[in-house]
Amino acid sequence: MAWVLKMDEVIESGLVHDFDASLSGIGQELGAGAYSMSDVLALPIFKQEDSSLPLDDETKHPPFQYVMCAATSPAVKLHDETLTYLNQGQSYEIRMLDNRKMGDVPEITGKLVKSIIRVVFHDRRLQYTEHQQLEGWKWNRPGDRLLDLDIPMSVGIIDTRTNPSQLNAVEFLWDPAKRTSAFIQVHCISTEFTPRKHGGEKGVPFRIQVDTFKQNENGEYTDHLHSASCQIKVFKPKGADRKQKTDREKMEKRAAHEKEKYQPSYDTTVLTECSPWPDTPTAYVNNSPSAAPTFTSPPPSTCSVPDSNSSSPNHQGDGIPQASSEQLQPSATIQETQQWLLKNRFSSYTRLFSNFLGADLLKLTKEDLVQICGAADGIRLYNSLKSRSVRPRLTLYVCREQPAPQGQQPAAGGGESGSATPFVYHAIYLEEMVASEVARKLALVFNIPFHQINQVYRQGPTGIHILVSDQMVQNFQDESCFLFSTVKAENGGGVHIILK
């Protein structure tokens, strides 16, 4: 037993000696000086690993930087995106900084660029229903905008634009070589988009996003250069200051090891790079170098729009050819699906369904569409996809009276003539119970120029002609049948229609 223990000691001492000898080489390489981590990192093995990493010069360098002069919250964990609190209606400066290195993006040197600043939803769920949410806000706050530019305080911005149909965006031109600051005011607060339940709910976060464009070969500012955004919450006046103070006091009460898990509060908010907002920018056009930038409207859509004179959105008169795109077909391509959405007033969802075929859209259930588009637009889209008709207020059956052979009278009420030729009636559907609607639908169904119809009469007792008024139309029985004829007006200009 003693001999075994002795052998263990000899082996152990030998291993220690070999390990010390192996370390002596490292000591010689590092020299007699003190241990230095930088020297270790300079060893060939580490250099070989680092050589596969991209160098700083190879990393993408953003051409611009946007800095908002508002403090970030101290109650944000490390590696999370910063959060900034803003007061409703207060002006906040966004500094537009030229961050280009020598030779970067030379085509904009000495030229103006265009930037669009938007306030948008941070939550993806609200992004899907953005149009519905903004329309509701507009209804409750008529005449107000979600985002405004404080032009008197702003510096270096040129030709500012606000689109009445885009209440959450402002745009302007600026020169990267000059000092530029845009002061913005956000007028919506985060709790306005929170479902009201019992009070005290947390407000939804927004995003401030800046997209910058340069001119293309046609002089339009549509070539994307850079985009950046930050997360914000908007409070009623002075509310952001109180929230910032509350967060700071909460952090001060935390233990030291807990504070290390949170970001410090910075005096300014640096917007981080992001993807450009998918909306097509409004075109500024500069036709000559010396001319001031001018504003042009976007080109008209090439998609067809339903005729306002159609017999009914869903109940079409007989004999009227209808476009095959009235109902979305399962075989519809992506482009045809996009055109159908535009034609049926779902333009705000074309980006969301940009990769959908007709079959993909038709597979969505009513619950899916309500969740994606919100209750109002979701139900409307579902009904449009399923071609659910809106019941008209009044249905009339009309037949144009043809000259009958001598001694033969037409059979009214859907009968047949003596020669066994049936009278073909056409259905017209009225959404409005007015006389002008009757004239318009008759003109459409029977190809009579609407502007040539002077009056519509109803033949009364003893053959008298009674002017069809709105009150008379309101007293028509549903599914009434009429024969009608046309007579030239006395002055020779147009025709009168007589219902029998």
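Predicted model: local features only at pLDDT ≥ 70, side-chain atom pairs only at ≥ 80, totals over all residues.
Student: Is Asp267 buried or exposed?

Tutor: A residue counts as exposed when its relative accessible area is over 50%. The relative accessibility of Asp267 is 68%, so Asp267 counts as exposed.

Student: Which residues is Asp267 in contact with, leaving aside its neighbours within four places in sequence?

Tutor: Ala71 is 196 residues from Asp267 along the chain, but the C-alpha atoms of the two are separated by 4.3 Å. With sequence neighbours within four places set aside, the contacts of Asp267 are Cys69, Ala70 and Ala71.

Student: Cys69 is a cysteine, and Cys188 is too. How many disulfides does a search of the whole structure find?

Tutor: Cys69 counts as partly exposed because its relative accessibility is 24%. Cys188 has 0% relative accessibility and therefore counts as buried. A disulfide needs two cysteine sulfur atoms within 2.5 Å. Over the whole structure, the number of disulfides found is 0.

Student: Cys188 also lines the largest cavity. What is the volume of the largest cavity?

Tutor: Rolling a probe the size of a water molecule over the atoms shows where empty space is left. The structure has 2 cavities of 30 Å³ or more. For the largest cavity, the volume is about 40 Å³.

Student: Which element supplies the largest share of the lining of the largest cavity?

Tutor: The lining includes Val119, Val120, Phe121, Glu130 and Leu134. At least two lining residues come from β4 (113–121), and at least two from α5 (130–140). The largest share is 3 residues, and the element supplying it is β4.

Student: Is Thr395 buried or exposed?

Tutor: Thr395 lies in strand β15 (residues 394–400). Beyond four places in sequence, Thr395 touches Ile428, Tyr429, Asp478, Glu479 and Ser480. Its relative accessible area is 9%, so Thr395 is buried.

Student: Which helices do the buried residues of α8 pack against?

Tutor: Helix α8 covers residues 334–343. Its buried residues are Thr337, Gln338, Trp340, Leu341 and Lys343. The helices they pack against are α9 (358–362) and α11 (375–385).

Student: Which residue with a positive phi follows α8?

Tutor: The phi in question is near 65°. The residue that follows α8 with this positive phi is Arg345.

Student: What share of the residues in the protein is buried?

Tutor: The protein has 13 helices and 20 strands. Its residues number 500. The buried share is 37%.

Technical notes. Residues numbered from 1 in each chain as written. Heavy atoms only, no water. 1 Å grid on protein atoms, 1.4 Å probe; cavity = no way out; pocket = protein on both sides within 12 Å on 5 of 7 lines; lining within 4 Å. Points joined across faces, edges and corners; volume = space filled by probe spheres on them. Helix = DSSP H or I, 4+ residues; strand = E, 2+ residues; numbered from the N terminus. Buried < 20%, exposed > 50% of the residue type's maximum accessible area, 1.4 Å probe, protein only. Contact = heavy atoms within 4.5 Å.
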